[in-house]
Amino acid sequence: MMEKNHAWADETSVDALKKSFEFHLKYSLADDHLSATKRDLYTSLALSVRDRLIKKWLLCQHSYYENDAKRVYYLSMEFLIGRLLNNSLINLGFHGEFCQALDELGYNMGDLEEMEIEAGLGNGGLGRLAACFMESLATLGVPVWGYGIRYEFGIFYQKIMDGYQVETADNWLRSGSPWEIPRPRFLYPVQFEGRVETSPNQQGEPEHKWVDTSRVMAMPFDIPVPGYRNQTVNNLRLWGARSDRELDLKLFNDGNYVQALQDKQDTEIISKVLYPSDANQNGKRLRLKQEYFFVSASLQDIIRRFKKSHSDFTLFPSKVAIQMNDTHPALAIADLMRILIDEEKLQWEKAWDITVKTFGFTNHTILPEALEKWPLELMENLLPRHLQIIYKINDQLIKEVQEKFPNDIDRIRRMSLVEEGFSKSIRMAHLAIVGSHSLNGVAEIHSDILQKDVFRDFHDLYPERFNNKTNGITQRRWLKVCNPGLSNLINKNIGKGWVTNLYELKALTSKCNDPEFQKEWRNIKFQNKARLAKFILDRAGVKVNLESIFDVHIKRFHEYKRQLLNILHCIILYNRLIKNPEKVTGSYTKIFSGKAAPGYAMAKLIIKLVNAIGEKINNDPRIHDRLKIVFIPNYSVTAAEVIIPGSDLSEQISTAGMEASGTGNMKLALNGALTIGTLDGANVEILREVGKENIFIFGLTAEEVKEKKQEYFDPRGIYRNNQEVKEALDQIGNGFFSPEMPELFQPITDYFLMHNDPYMILADIEAYLQCHDTVAKEFQDVESWTQKSILNTANMGFFSSDRSVAEYTKDIWGIDCPSPTPVKLTDHES
C-alpha cells in the first residue's frame, strides 16, 4: 500500500503533472506552446487528468472481478454531469498541484476551466440526481455502472429572442470530449420490428423466435467517475447509435448519393437528441426506440459481464442489481425476460423470479403525463416479442389480483398493464412496479402519496415493495467546488470532515451567533452575489443591486412549479413601488432560469411573460434599482454553480402534492439561502431539519389542495375581492406588458379565470404575498438573517446523496457499505 501511495505521489507531483501536460500537448494534439489555443491547452490538461483516472479505473475494475463483487447498474435516460475537470481534480486530490504546474508553465487554471463545454446529457433534476448518485456511490466505494445515451445534441440550447425561447442544437461534442473513451469492440446489435415465430421445442413446449428484424448497433463511450480521495473510479457507459450499413455502395455508384446514406441517417438519429418532441407519431416512435435501444444494449453488456464469471443464472440477483431511474428504462423488465426465456432457455417462473429480484424502480413523479404510456399499436410494430411478454405478465398480475381481491373488476381495470379505451396503451409505470422487488419515492410526502393515492392498488397487493428514499446532493460539487469561499471558511472553523460526512456541518450551530463569524459569512455571500451580478450582466444585460434580496427561481418551466405565482408577486411589487414606494420594504432582484419543453406552449408563453415584465420594469426610471426581473438563458449545471452560491432566497413554491422531491431546494439551502416554499416534496424534510424559524412556509397542504379541487374551487372570488391580484391579472391580459400585441398573454389570464386555476395559484396568492412581506422585513435584520443562513447550511447533513445512496445500497441492493452518521452535539455546542 505504501508503494502504491508513493507511486501515486510521484505521478501527482508538480513536475510529473507538467511533463504529462506537455506530453499530451505535443503527442496527443500535435501542438506546442506557440500555436496552441486555450481549447488545446484545456484538452491537454483534461487528458493528463484522465490518465490518472484511467489508472485507478483499471485497478478498481480488476478488484471487482477478483472479489466477484455484486455490481449495481443504474439505468437513466439522463446524466446531467456538468463540467468534469474541477470536480475530478478535487476528488483525485491534486487540484493545488495542477494549479501550480500550470502556473509554472505560464497558464491559469481558471482560464482553462472555462473552456470546458458542459455535456448535454440531461435536462433537470432527474439527470442531476443520477450524476450526484454516481459520484456518491464512487465515494462510498460501491461497485456501480451507470448506463444512458450519448446524446449528440443534448435537449437543446436555449436562446431568448424578443423574449421568446428559441431552441437551437446543443452541439456540445463539436470539439470532441477528452473525458470519454470510445469502446468500438463492445458493439451490440439492437433489434426492432420483425415478427415472432412460435414452434414447439423437443419437450413440446412453445419456443419463440424474434425474426426478420431491423438492426441498430450500439457503441459504448465510457466516462470514468472518481470517488472522493479513495481508490474507487466507477464507470458511466453511454450508448451511441451506429448503422451496420454505413454506405450502400451500389446506390452511391448509381449516383443516388443521399439515398446511399439513408440507412445511416435513419439509424443514428436515435442518439441525436434527448426527449425529442412526441407531439406526432414519428416523435413517439423515436422516443420508444431510444428507450429500448439503451436498455437492450445495457442488458447485453450486463449479461456479458455476468457470464465472464458465472454460468448459473440463479446467481444473477446476487451479483447484479439494476435500478431504474423513473419509468424510461421499464422495458428492461420485458427484455430481461425475453433474454432469459428465449436465449438462455429458462422456464417462465424461474425467469420471473430472477427478474423481480434483480430490478428496483425509483418513481420521480405523480403527474399523469409523466407516467409513461405507449400506444399498443406502436409497441406491437416495434417490439412484437416484448408485447407478448407484457401480455403474459399482465395475465399473471390479473390472476394475483383476482385471488386477493375477488370480483373487484374496477381494481383489475385500474391495475392492468394494458389501459383500455378508444386507443389501447401499455402503462410503463405499472410494468416497472410489477417487475421490481422495490418501488421507492424520493421524499416522505411523495412516497406517502404513491402509497395512498397514485399506486394505492399496488400498495394493497405488494406493501413490502414500497419504501422511501429521500433524494440527496453531493456536497463535493454543490459546496466544495461551487462555493470555495464558504467551503474554506467552514474548513477553518470546524475542519474538513463534512466533505465525506455532511452531518458534521452541525458543528456550525455553535458559530451562528458569533459576530466575527457572521461578518465573514456575509462577506463571502456578498462576493458570491457580486460574481452572480456580473454573470447576470454578461448573460442577460441587466445591472442589479447587490444590496437587494437575490430571489432565485431556477427550475424547468412547468405550470405545477408555479413560476406564475412568482410573476404575480413581481407585478404586485412593481405596482406598490409605483404607488407607495415608501411603504415597500427593501429591494428585490428576481432571478428566473429554466427551460420549457419545445412542445409545451403554456410554459413557453410564461417565459415570454417573464421577459416582457422584465423589459417593462427594468426600464422604468421610477423604480430605480429596487426591483429587477432577470431571466438567465440556457440554465445548466455550470450556470447553477454561479447562481446558487449568490442566492439569498430560494423559491420552492410548487403546488403541494405535485413535486416529488426537488434537489435545487437542497443545493440552495446548503449554500445558505433561505427557502420560501410550500409543504411539498423535500421542503417537508427541510422544515424538519432547519426548524420553522429558519424557513418561510406558506400555502395549502397537499390534503387541502385535494379538498379544494373536490369542492370546485372558484379562483374568480380571489380575483374579484383582492384588488392587487385583479390589477396584476388585468395588466397581463390587457396588453400592459405587450402593447404591440395586447392579446398575447390573454391565455394566461384565461388560465386563471376560465380554467379554474388547476394548480391553485390564486388559492395560495394571498398567503404567498404575506410570506414575502415577512421575508422582506426579516432581510433588513442583517444579524438575524445571517444566523438563519448559517443554520440552514448547518442542518443540511441529512440531504447528502451519500446518505441517500447508502440507504439504496443497504435496503434495496443488498450491499454493505459505510453510511454517513448523524453528529450529536453536546448541550453547550447546540
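Biologist: What is the handedness of the crossing of α24 and α25?

Modeller: This is a predicted model, in which local features need pLDDT of at least 70, side-chain atom pairs count only at pLDDT 80 or more, and totals for chains, interfaces and linings use all residues. Residues are numbered from 1 along each chain as its sequence is written, and side-chain values use heavy atoms, with hydrogens and water left out. A crossing is left-handed if the near helix is turned anticlockwise from the far one by less than a right angle, and right-handed if clockwise; helices are DSSP runs of H or I with at least four residues, and strands are E runs of at least two, numbered from the N terminus. The crossing of α24 and α25 is left-handed.

Biologist: Are α24 and α25 roughly parallel or roughly antiparallel to each other?

Modeller: Helix α24 (residues 563–579) and helix α25 (residues 601–618) pack with their axes 11 Å apart, at an angle of about 15°, where axes are lines fitted to C-alpha atoms over the stretch in contact and angles run from 0 to 180 degrees between N-to-C directions. Angles under 35 degrees count as roughly parallel and over 145 as roughly antiparallel, with 65 to 115 roughly perpendicular and the rest oblique, and α24 and α25 are therefore roughly parallel.

Biologist: Which residue of β16 is the bridge partner of F361?

Modeller: Strand β12 (residues 359–362) pairs with β16 in the parallel sense over three bridges, pairing being counted if DSSP finds at least two bridges between two strands. The bridge partner of F361 in β16 is L439.
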